[in-house]
Amino acid sequence: MIEARHLRVLRAVAASGSFSAAARTLGCTQPAVSQQMKALETSAGTPLLIRTGREMRLTQAGEVLVRHASGILAGLTAAEEEIAAIAGLRAGRVRLVSFPSGSSTLVPAALAALRAAHPGTRVSLVDAEPPRSVEMLREGDCDIALAFRYRGAPEREADWGDLIVRPLLSDRLVGLVPEGHPLAGAGAVTIGDLAEDPWIAGCPRCRRQLVEVCEEAGFTPRIDFATDDYPAVIGLVGAGLGVAVLPELALESVRPKGARTVAVEPPVIREIVALTLPDLSQVPAVAATLDELSRAASR
């Protein structure tokens, strides 16, 4: 019989490439990892790993088992959490991953309300941008992923058909220009109005969206600086080093010193959502967290 603990070890070995690295990840010894892998191969009745020097490579059977492991482990976690909540054995636990502007705006209000209503529920938070955050959810490394996709983007940009999708809000991109910019006092601008300016770009996905929007307007932006840090983007614009477009959500917790915001027409919208797996959506602590995220987004 294949045991869940052995699947966790196999997944760690596959991700890290060696027994010793997997042991560090799992907080155990290298011999313990080796012993559990031998037990798993015995249960499976076929080799799962090919040892090449210090690294490990999955056999075809190993690849199949790793592919199914995340779903199996997520289902087991969901079952354990739901049973524990019903039996009253322990409080809920939720692992949340969010992109930075969501972490600084939606998440604090949601978690404060969750703690007030359910003081025993423990929530951990890690920052990650989509698609990495969505991968973490599918791999069983979190219970809820706060993510976004741009309205009108190709379906391949956000294939979430296997997930529970909780829409939260629509986040419009706004222009950000230095205070001395000729368009600083404009009520609204088009992307084309900023074609001759140097640009400061954000995260890789936002950067790709910026380039696509600019190319649709007939020009390729000259990107002088790129950073995942929204306060850094705002600081660079405030210093007169270029222009940018940022989600309104990113501006809620940062004061744009030395910079002015302008509306961008036609509007560019990103949809903010909370994602979870179907099994996990039945876990009381996960469901409560989703509800609080929805309430925080509606305020």
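Biologist: How many helices and strands does the secondary structure of the protein come to?

Modeller: This is a predicted model, and its secondary structure comprises 10 helices and 12 strands.

Biologist: What box do the C-alpha atoms of the protein fill?

Modeller: Taken along the principal axes, the box is roughly 70 × 50 × 30 Å.

Biologist: How many of the residues count as buried?

Modeller: A residue is called buried when its relative accessible area is under 20%. In this protein, 46% of the 299 residues fall in that class. The protein exposes about 14,700 Å², of which carbon and sulfur atoms supply 52%.

Biologist: Which share of the contacts joins residues 24 or more positions apart?

Modeller: A contact requires heavy atoms within 4.5 Å. Among contacts with a separation of 6 or more, 71% are between residues 24 or more positions apart.

Biologist: How many positive and negative charges does the protein have, and where do their mean positions lie relative to each other?

Modeller: There are 31 positive and 35 negative charges, and their mean positions are 7 Å apart.

Biologist: Which residues does a cis peptide bond with omega near 10° link, and where does P131 lie?

Modeller: The angle to read is omega, and the bond from P130 to P131 is cis with omega near 10°. P131 belongs to the loop between β4 (122–127) and α6 (132–138).

Biologist: What is omega for the cis peptide bond that joins E265 and P266, and where is P266 placed?

Modeller: For the bond joining E265 and P266, omega is about -10°. P266 is found in the loop between β11 (259–264) and β12 (269–276).

How values were computed:
Residues numbered from 1 in each chain as written. Predicted model: local features only at pLDDT ≥ 70, side-chain atom pairs only at ≥ 80, totals over all residues. Heavy atoms only, no water. Helix = DSSP H or I, 4+ residues; strand = E, 2+ residues; numbered from the N terminus. Buried < 20%, exposed > 50% of the residue type's maximum accessible area, 1.4 Å probe, protein only. Areas by Shrake-Rupley, 256 points an atom, 1.4 Å probe, with all protein chains shown as cover. Lys, Arg positive; Asp, Glu negative; His and termini not counted. Charge placed at Lys NZ, Arg CZ, Asp CG, Glu CD.
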